[in-house]
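Subject: Handover of a structure

Hello,

Please find the structure below, followed by notes on what was found in it.

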Amino acid sequence: MKIFSIRSRLIFWIGSVVTLILASGSYIIYQTAQTTLYREIDQSLLSLMTLESLELEIIDGQVDHEWLTDIKNDASRVNSAYIQAWDETSGETIRSPALAGTDLPRERGSDGVHFSNILLPNGNHGRVVGKQILPVIEWTDASLAPSAPVESMPYYMAIAMDIETSHSALRRLGGTLLLGLVFSLLVSIVTIRLIIMLSFRPLERLEQVIHKTDVNNPKDVFEMPQDLPTEVRGLVTQYRDLFFRISRVREREREFSANVAHELRTPLAGVEATLEQALVTDRTASDYKQRITEASRIASQMGELVNRLMWFSRLHNQTEVAELTTVDLTQIIETRLEILGDAISARGLSVEPALPEEACLLQSDETLLGILMNNLIGNAVAHSDPDSVIRISVRHESGRVFCQISNACRDFDADELTRIFQPFYRSDAVRGGDSGHSGIGLSLSQEIAKLLHIEINARFAESTFTMEVIFSGK
Amino acid sequence: MRILVIEDYTPLRNAMVESLETAGYAVDASAEGDEGLWYAQNHDYDTIVLDIMLPKMNGLQILGALRRAGAGVPMIIISARDSVDHRIEGLDAGADDYLVKPFALKELLARVRAQTRKAYGKKTALLAIGDLSLDRSAKRVLRGEAEVKLTPREYSLLEYLALREGEVVSRQEIWDHVYNYYEDASSNAVDVYIGYLRKKLSCPDGGTYIQTRRGQGYLLEYKPA
């Protein structure tokens with residue numbers, strides 16, 4: 001289906017409406033002129049009919065068409081008077097000379113008077129009036145008075161008038177109105193096009209501005225032209241906001257890709273440099289072993305990072321599906337604490353668990369929940385102040401399960417709370433490659449929480465950092 | 001030559017330090033941005049190797065701070081960010097070179113040599129003083145066609161004097177640019193090695209390469225007997 005532009009539609013519809021208005025106006029003007037003119041003509045004809053009908057007499061029982069006599073005696077009327085009379089009783093008819101033997105129409109109107117347009121014998125347009133009349137009866141002697149009433153002797157008289165001049169004038173008027181209509185229409189269309197063109201100019205400028213805007217540069221937000229029509233300002237504002245959001249998303253994607261590249265390239269550089277340095281000169285076996293072990297450790301960390309990135313990517317792109325089963329949160333926490341036992345001891349930490357004695361059963365994905373708790377508890381172990389206490393609690397409340405992990409963290413900057421869930425964010429304490437922290441753990445945890453419909457919050461107060469995980473309960 | 005390495009990733013930092021020390025450089029290293037800046041502001045380095053993504057203060061901030069203070073020390077950025085925009089950003093911020101991770105340590109050494117060469121106004125890796133020639137790439141010293149065998153420390157000392165050929169170099173400058181801080185800081189260590197070098201470079205005709213300027217330092221310049 002062909003799509004028409006706003007411009008075409010405006011021109012078409014406005015043009016149509018203007019045409020309609022102009023045509024209607026012209027028609028009304030023409031009709032008014034014609035009606036007025038014909039009214040005048042008809043009045044004249046009726047007056048003439050009144051006069052001429054008096055000229056039809058029956059004198060002493062004999063019909064006298066005195067009107068005919070008058071015409072014949074008036075040279076100016078011989079060729080211009082168009083009158084015909086019929087004896088309705090006998091059917092006989094008398095015509096004026098100008099009719100040249102042709103008949104005028106003999107029709108009856110609703111009020112006995114009938115008007116019609118005809119073509120006269122001379123080819124001109126004419127207007128005719130017809131009417132039944134009664135002759136004037138006169139007698140010179142009472143014995144000659146007719147015995148029948150005059151109504152029994154009806155006549156029909158038709159009188160025509162040459163209206164060629166008026167007809168031509170009407171025709172000229174019609175032509176003028178038509179020309180005026182066409183001219184007005186053309187001027188209207190040109191004016192409409194000009195107005196539309198001027199109105200759309202800000203949009204064309206906006207189009208050029210948008211065309212030049214670089215979607216990859218979030219700072220390159222286009223400025224709205226000041227003369228933009230108010231009707232489209234809202235739309236353009238929305239578009240600009242959308243564009244800005246898209247640019248921000250693209251920037252975050254680029255930043256994420258750059259961070260991924262950095263997080264993979266840096267340990268790769270470590271592996272390469274360690275092995276290159278191992279080979280630069282002859283070394284002892286234990287030296288080789290130590291360097292190879294170091295390279296292997298780094299490679300293992302890279303593998304773990306890649307694994308986490310794959311999880312993150314699947315969760316972020318919503319291609320991962322949770323496999324819900326009944327899991328015991330308490331057992332998951334206890335298992336994680338056991339795995340992290342060496343790390344806990346190495347930092348002189350102690351753990352105070354406040355876990356329910358009975359199993360804390362939830363409907364969740366065991367693997368993902370395990371990753372989540374591993375990340376949270378692992379972070380607590382890594383970031384706690386040395387020789388401090390980590391508190392882990394699980395409680396039921398209002399049909400929900402609350403799990404809190406708190407640790408002392410004197411050096412944590414509270415302003416960083418808004419950033420800790422960003423991909424690759426790491427505190428300065430765990431940078432350096434020895435801790436194995438990639439900065440993707442909390443981002444991954446957040447994605448897991450979204451998928452499993454878990455709420456996860458972070459708080460920091462009085463040198464204590466707390467992670468709270470809220471489950472909706474079984 | 002003294003090099004500062006500022007890199008937070010421990011395995012890479014350790015490998016670079018070891019590689020540079022093996023090549024005869026005195027090396028200081030830092031894992032944090034603010035500490036690295038302190039090192040750079042308070043010591044005289046021949047080249048700084050600088051990562052960008054550092055804790056506490058990133059590499060570009062360090063670069064900017066040093067350049068604003070008028071420091072002309074050559075700086076090589078090492079970064080995992082390889083896009084053209086990032087390279088331009090680093091170079092426009094004042095870096096003399098930009099090396100993308102992962103890189104070969106040999107390449108890093110070559111770039112450090114190139115930067116130190118430029119810093120001392122030398123166009124090639126070959127330095128010549130009289131009939132003495134010093135190949136910085138191969139770390140070889142020749143007098144005429146004959147090779148002069150030097151220990152790594154002797155070579156570093158000679159290299160530094162050769163880069164500053166014609167200039168009087170003080171003991172402190174030699175100490176700052178040739179020795180690691182953890183080494184024995186005895187006051188005559190420089191004099192002892194100058195003596196070793198003189199002995200190995202002694203000419204049959206009695207001419208000498210290393211001249212002493214009392215109270216000022218040493219000057220590498222051939223003087224016939």
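Is Arg297(A) buried, partly exposed or exposed? Because its relative accessibility is 28%, Arg297(A) counts as partly exposed; buried means under 20% relative accessible area, exposed over 50%, and partly exposed in between, with a 1.4 Å probe and protein chains only.

Some background before the rest. This is a predicted model, in which local features need pLDDT of at least 70 and side-chain atom pairs count only at pLDDT 80 or more, while totals for chains, interfaces and linings use all residues. Residues are numbered from 1 along each chain as its sequence is written, chains are lettered from A and ligands numbered from 1 in the order in which they are written, and side-chain values use heavy atoms, with hydrogens and water left out.

The two chains

Chain A has 10 helices and 15 strands; helices (H or I, at least four residues) and strands (E, at least two) are DSSP runs, numbered from the N terminus. Of its 474 residues, 37% are buried. Its accessible surface is about 27,100 Å², and carbon and sulfur atoms hold 55% of that; such areas come from the Shrake-Rupley method with a 1.4 Å probe, and for residues only the protein chains shown count as cover. Of the contacts in chain A between residues at least 6 apart in sequence, 67% join residues at least 24 apart, where contact means heavy atoms within 4.5 Å.

Chain B has 8 helices and 12 strands. It has 225 residues, and 54% of them count as buried. The accessible surface of chain B is about 9,900 Å², with 49% belonging to carbon and sulfur atoms. For contacts in chain B with a separation of 6 or more, 54% are between residues 24 or more positions apart.

Salt bridges

Over all chains, the structure holds 34 salt bridges, each a side-chain nitrogen of Lys or Arg within 4 Å of a carboxyl oxygen of Asp or Glu.

Arg297(A) takes part in one of these, with Glu294(A), and the closest N and O atoms are 3.1 Å apart. The two residues are about one helical turn from each other, because they are 3 residues apart in helix H6 (residues 285-316) of chain A. Glu294(A) is also partly exposed, at 22% relative accessibility.

A second salt bridge joins Glu352(A) and Arg391(A), with 3.2 Å between the closest N and O atoms. This pair links distant parts of the chain: Glu352(A) is in strand S10 (residues 350-354) of chain A and Arg391(A) in strand S12 (residues 389-397) of chain A, 39 residues apart. Glu352(A) is partly exposed at 41% relative accessibility, and Arg391(A) is partly exposed with a relative accessible area of 46%.

Glu468(A) has a relative accessible area of 9%, so it is buried, whereas Arg459(A), at 36%, counts as partly exposed. Elsewhere, salt bridges that share partners join Arg283(A), Asp287(A), Arg291(A) and Glu18(B) into one network.

A helix pair in chain B

How do helices H7 (residues 171-178) and H8 (residues 189-201) of chain B pack? Their axes are 10 Å apart, at an angle of about 85 degrees; axes are lines fitted to C-alpha atoms, for helices over the stretch in contact, and angles run from 0 to 180 degrees between N-to-C directions. H7(B) is therefore roughly perpendicular to H8(B), a term that covers angles of 65 to 115 degrees. On the H7(B) side the contact is made by Arg171(B), Ile174(B) and Trp175(B), and on the H8(B) side by Ala189(B), Val190(B), Asp191(B) and Ile194(B).

Backbone points

The peptide bond from Lys101(B) to Pro102(B) is cis, with omega near -5 degrees. Pro102(B) sits in the loop between strand S5 (97-100) and helix H5 (105-119) of chain B.

Two residues other than glycine have positive phi: Ser398(A), near 50 degrees, and Lys139(B), near 55 degrees. Ser398(A) lies in the loop between S12 and strand S13 (400-408) of chain A and is exposed, with a relative accessible area of 74%. Lys139(B) is in the loop between strand S7 (132-135) and strand S8 (140-143) of chain B, and at 27% relative accessibility Lys139(B) counts as partly exposed.

Regards

Note on methods. Angles under 35 degrees count as roughly parallel, over 145 as roughly antiparallel, 65 to 115 as roughly perpendicular and the rest as oblique.
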